[in-house]
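User: I am new to this structure and would like to learn how to read it. Please take me through it feature by feature.

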Amino acid sequence: MARKIAAPNAPSKLQPACPSMNRRSFLQISATSLATPLAACALRRGGQSTFITRPRPSPAQLDWQRDELALFLHFGVNTYTDREWGDGHESPSIFDPSRLDARQWARAARSAGARALILTAKHHDGFCLWPTRTTEHSVAKSPWRSGQGDVVREFVNACHAEDIKAGLYLSPWDRNNPSYGDSARYNDLYCDQLSELLTQYGTISEVWFDGANGEGPNGRRQIYDWPRVFSLVRRLQPSALMFSDAGPDVRWCGNENGVAGDPNWSTMDPTIVTYPGADGPGVSDALLHGDPDGTVWRPAEVDVSIRPGWFNHEAEDSRVRSVDSLVNLYFSSVGRNGKLLLNVPPTKSGWLHTVDVARLTGFRERLNAMFAHDLAATARRAWRVTGPRSAELEIDLGTPTPVSIVRLKEEIARGQSVTKYAVYGTTDDAWRVLSRGTTIGYTKLDRFTPSPVRRIKVAIDDAIAAPEPITVGLYGAE
Ligand code: FUL
């Protein structure tokens, strides 16, 4: 998010102002989160058994997580100025993709195995990729399709044609609009923009809120009205998930390096990060790690770019992440109970670069090959409860078999509970440690030097509730 990265051409004094949000109204909004209401169950903490409530994901949050991978598309005037953050003075006349083809974006997403795409409908420069009624600073004033074009429409249609979910990013920070900094006026405009996006384009699956809150003209400070924004989205697109530092449905993972926290809980204390862009004690930790005692289900989305920048820059054509690097990202995001949102920015022509597309395809082929054959699929398993918060799963492969990846999964529809585990292997009677870890959640992936094992044991050493049987997949040498 903007406050945590240094954009190459960002004003150095950019610091988010802290909109003072009414905590009560925020909590009201949180309560309207899509998360399934809390499920009551008995937890044992510190040897004491108490009845408390534990959150579980809503069906939409479950689907979102099971999608595993979405692609992010940063596209706009910055694509033409070679900048990362525009200053809002860009002329719409520079936006002129010669062969924009949103179907190519959606097909690339499919070839990467992504189930959703998210487009920057407006970035911090304020240029709108749809012909909005709220400002003239949009595609309507560009030469592209003689001012008759609508990138958002082409994007959403292409996604739906390719059976990919469509999501939108609408930057709250707007360096073009004169009303920015005049809080009430700009909040009306921002909500009008959101309303256009959420009423004119069919189903939108995710709305992405950045917390950037730079200064307005003459140093004026904009105070966003997040409760209003969140309730507007809920009203106009009840099934859309909202992403931001503060959710309410999906949270930022706390960095842009592609690495989810370890541990990584999908539950969170909503009183620590109360609005997008919030700073303060505990915020980074809360984003990175979640909280085992959290009262809301708010899983982590891991946003990272395939290139050094978020926007496409020709100079970075030779610095596109390799397939190995993308696979590492998969392990450090999906493999740590997160969802990967991988940015692949269209070029000036409006296409995704062939190198980026080739890497996406290679990435998916590598994952498919890696996880093609679960060595444990037909193996005998035994689940043993060893204590109030511990259990073991033993898998007998029959013959010594080289294993190099273990995939652990909790049934997160019932919540998340494992706190500490270890994986052991043996060919005879002596168990060797293959990996150790903390949380599991949707998926935990561990890689180690391939070693032949006949039996595998996963020991759940601690959990915040009586552990439920986990799923284990075993995979051979890459
Ligand atoms: C940040 C923005 O400032 C970057 O430009 C980018 O959009 C990233 C995903 O979020 O906050």
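Predicted model: local features only at pLDDT ≥ 70, side-chain atom pairs only at ≥ 80, totals over all residues.

User: How many residues does the protein have, and what share of them is buried?

Analyst: A residue is called buried if 20 or more other C-beta atoms lie within 10 Å of its own. Of the 478 residues in the protein, 50% are buried.

User: How do I read strand pairing, and which strands form the closed barrel?

Analyst: Strands of a sheet pair through backbone hydrogen bonds, in either a parallel or an antiparallel sense. In this protein, 8 strands make a closed barrel with parallel pairing, in the order E3-E4-E5-E6-E7-E8-E11-E12. Neighbouring strands of this sheet are turned against each other by 25° on average, direction ignored. One of the pairs is E7 (residues 241-244) with E8 (residues 250-252), which run parallel and are joined by 2 bridges. There, Phe243 has Val250 in E8 as its bridge partner.

User: Which strands pair with E14 in the antiparallel sense?

Analyst: Strand E14 covers residues 390-409, and strand E13, residues 380-387, pairs with it over 7 bridges in the antiparallel sense. These two strands form a hairpin, with 2 residues between them. Within the pair, Ala391 in E14 is opposite Val385. E14 also pairs with strand E17 (residues 444-463), again antiparallel, over 13 bridges. Leu393 has Val458 in E17 as its bridge partner. A further antiparallel partner of E14 is strand E18 (residues 471-475), joined to it by 5 bridges. In that pair, Ile405 is opposite Tyr475 of E18.

User: How do I read helix packing, and at what angle do H4 and H5 pack?

Analyst: Two helices are described by the angle and the distance between their axes. Helix H4 (residues 102-111) packs on helix H5 (residues 151-161) at about 40°, and the axes are 8 Å apart. The two helices are therefore oblique to each other, and their crossing is right-handed. On the H4 side the contact includes Ala102, Arg103, Trp105 and Ala106, which meet Glu154, Phe155, Ala158, Cys159 and Ala161 in H5. The residues of this contact divide into 7 nonpolar, no polar and 2 charged.

User: Which residues of helix H9 are buried, and what do they pack against?

Analyst: An α-helix has 3.6 residues a turn, so residues three or four places apart point the same way. In H9 (residues 323-332), the buried residues are Leu326, Leu329, Tyr330 and Ser332. Those buried residues pack against strand E11 (300-305), strand E12 (338-343) and helix H10 (354-370). E11 and E12 are also among the strands of the closed barrel.

User: Where is Arg221 found, and why does it count as partly exposed?

Analyst: Arg221 lies in the loop between strand E6 (206-208) and helix H7 (226-236). A residue counts as buried at 20 or more neighbouring C-beta atoms and as exposed at 12 or fewer, with partly exposed in between. Arg221 is partly exposed because 14 other C-beta atoms lie within 10 Å. Arg221 and Asp182 are 39 residues apart along the chain, and their C-alpha atoms are separated by 7.7 Å.

Technical notes:
Residues numbered from 1 in each chain as written. Pairing = 2+ DSSP bridges. Helix = DSSP H or I, 4+ residues; strand = E, 2+ residues; numbered from the N terminus. Axes fitted to C-alpha atoms, helices over the stretch in contact; angles between N-to-C directions. Parallel < 35°, antiparallel > 145°, perpendicular 65-115°, else oblique. Left-handed = near helix turned anticlockwise from the far one by under 90°. Contact = placed C-beta atoms within 7 Å. Nonpolar A, V, L, I, M, F, W, Y, C, P; charged D, E, K, R; others polar.
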